[in-house]
Amino acid sequence: MKRTSSSSKQNRRRFMKAQLAFGLGALSTAGKLSSDDDSMSDPPVLSQAALSKQYQTCLGGPFPKATPLLPQLRETIRKDGYRIESLTYETEPNNRVPALLLIPDSATASRPAPGIAVWHQHNGEYHLGKSEPAGLAGNPMHHTAVALVREGYVVLCPDALCFEERQDPTGKLKKGDFERFEFLREVVRGRSMAWKNVLEMRRAVDYLAGRPEVIASQLGCYGHSMGSTHAWLVGPLEPRLKCIVGNCCLPSYAAIEHEHLLHCFPNFVPGWHPFGDTPDIAALIAPRALHLNFGEQDSGSPIDFVRKSLPRIEAAYKKAGAAGNFTSFIEAGQGHVLTETMWKHVKETFARHLKFT
């Protein structure tokens with residue numbers, strides 16, 4: 001995978017500076033982060049089941065009962081060795097999500113393959129969503145769904161709310177303004193944007209698991225940057241995901257406060273601070289497989305705080321009797337990128353936990 005361009009770095013810096021200016025104050029109504037301690041305090045000693053229940057509550061409460069997906073195929077694009085189906089499905093009544101499904105020629109109803117959902121990045125590029133990992137637009141570094149379909153996986157790439165086809169339908173609010181609007185709309189309903197994102201990712205898994213070309217017991221997900229955040233947010237509440245992989249994003253709240261970072265809205269789970277930090281959310285994925293990549297120079301996930309975070313996740317996996325199911329990799333001299341070495345770890349993790357023989 002190629003290193004990121006200077007324009008991509010500038011985009012990311014711009015959106016991180018502007019993103020939360022109007023949003024963080026709203027979170028204080030649901031659960032204010034402590035400002036007098038920049039280290040990760042020890043969370044209360046609760047069972048994993050109790051912490052998972054509290055996590056669901058902090059996100060915004062129970063998800064609604066699943067309704068029919070009512071998928072609609074819009075177009076099929078033929079590629080060398082695979083096809084892309086452009087489609088939509090309903091996550092809630094009257095709320096359709098556009099997605100791209102990449103299916104290798106080798107996967108059929110009689111010979112199904114493992115399935116992987118790819119959550120796209122943020123980078124302040126609201127015109128991009130599903131099309132970037134699907135290889136139809138954006139930075140070739142992040143054409144990851146194409147790389148995975150060529151490994152034999154069926155890969156689903158949905159648009160996250162506010163991106164690509166899911167920008168403001170009225171045209172009144174542009175880019176980050178619409179994301180701020182949607183974030184605050186969830187806040188006044190007693191929820192978070194993370195709640196909305198997790199709900200939609202669970203419905204994406206519903207769709208992927210229901211495809212005849214997919215082995216429903218062999219599902220995983222991958223994401224870079226905001227996509228990595230999405231991966232560890234959904235992991236604890238979606239047991240069908242057997243293997244979760246994130247690249248370059250596990251900013252602890254301790255790091256965010258210490259460094260005064262402005263991260264995208266899905267990173268913030270109201271009221272979670274008394275129960276732990278972001279690594280304690282990721283730890284709820286245990287005992288299922290989790291791999292996290294980091295760049296040593298990534299300012300979005302300050303490495304000193306990452307190194308403090310990883311032992312907390314390792315301890316949870318050891319307690320669950322699955323120490324070997326959590327792995328991590330920190331690449332020296334690299335920032336917020338997906339390098340060839342990082343991608344090698346992604347491929348090896350999926351091959352170890354999902355690949356059929």
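This is a predicted model: local features need pLDDT of at least 70, side-chain atom pairs count only at pLDDT 80 or more; totals for chains, interfaces and linings use all residues.
Where does Asp168 sit? It is in the loop between β5, residues 154-158, and α5, residues 176-187. A salt bridge here needs the nitrogen and the carboxyl oxygen within 4 Å.

So what does Asp168 have around it? A polar atom of the Asp168 side chain lies 2.8 Å from the backbone nitrogen of Leu173. Now leave out residues up to four places away in sequence. Asp168 still touches Leu173 and Phe178.

Stay in that loop, and move to Glu165. Here we do get a charge pair. Glu165 forms a salt bridge with Lys130, with the closest N and O atoms 2.7 Å apart. Lys130 is in the loop between β4, residues 113-119, and α4, residues 144-149, while Glu165 is in the loop between β5 and α5, so this pair ties together parts that are 35 residues apart in sequence. Glu165 counts as partly exposed, at 42% relative accessibility. Lys130 counts as buried, at 2%.

This pair is part of a network. Arg74, Lys130, Asp159, Glu164 and Glu165 are linked by salt bridges. In general, side chains of opposite charge can pair when their charged atoms come close.

How many salt bridges are there in total? The count comes to 22. Let me pick out two others.

One is Glu151 with Lys347, at 3.9 Å from N to O. Glu151 lies in the loop between α4 and β5, and Lys347 lies in helix α11, residues 340-353, so this pair ties together parts that are 196 residues apart in sequence. Both partners are partly exposed: Glu151 has a relative accessible area of 33%, and Lys347 comes in at 34%.

The other is Arg211 with Glu213. Their side chains meet in a salt bridge of 3.0 Å, N to O. Both of these residues are buried.

Next, the strands. Look at β8, residues 289-295. How many of its residues are buried? The figure is 7 of 7. Its side chains point two ways. Ala289, His291, Asn293 and Gly295 go one way, and Leu290, Leu292 and Phe294 go the other. All of them are buried, on both sides.

What pairs with β8? One partner is β7, residues 241-247, which runs parallel to β8 and is joined to it by 5 bridges. Strand β9, residues 326-331, also pairs with β8 in the parallel sense, over 6 bridges.

Ile244 stands opposite Leu290. Phe326 in β9 stands opposite Leu290 too.

How do we get from β8 to β9? Helix α10, residues 303-319, belongs to this unit. Together, β8, α10 and β9 make a right-handed β-α-β unit.

To recap. Glu165 has one, to Lys130. And β8 is mostly covered, with β7 and β9 as parallel partners.

Notes:
Residues are numbered from 1 along each chain as its sequence is written. Side-chain values use heavy atoms; hydrogens and water are left out. Helices (H or I, at least four residues) and strands (E, at least two) are DSSP runs, numbered from the N terminus. A polar contact is a pair of N or O atoms within 3.5 Å; within protein, one must be able to donate a hydrogen and the other to accept it, and residues adjacent in sequence count only if both atoms are side-chain atoms. Contact means heavy atoms within 4.5 Å. Buried means under 20% relative accessible area, exposed over 50%, partly exposed in between (1.4 Å probe, protein chains only). Two strands pair if DSSP finds at least two bridges between them. A crossover is right-handed if, with the strands pointing away from the viewer, the path from the first strand over the helix to the second runs clockwise.
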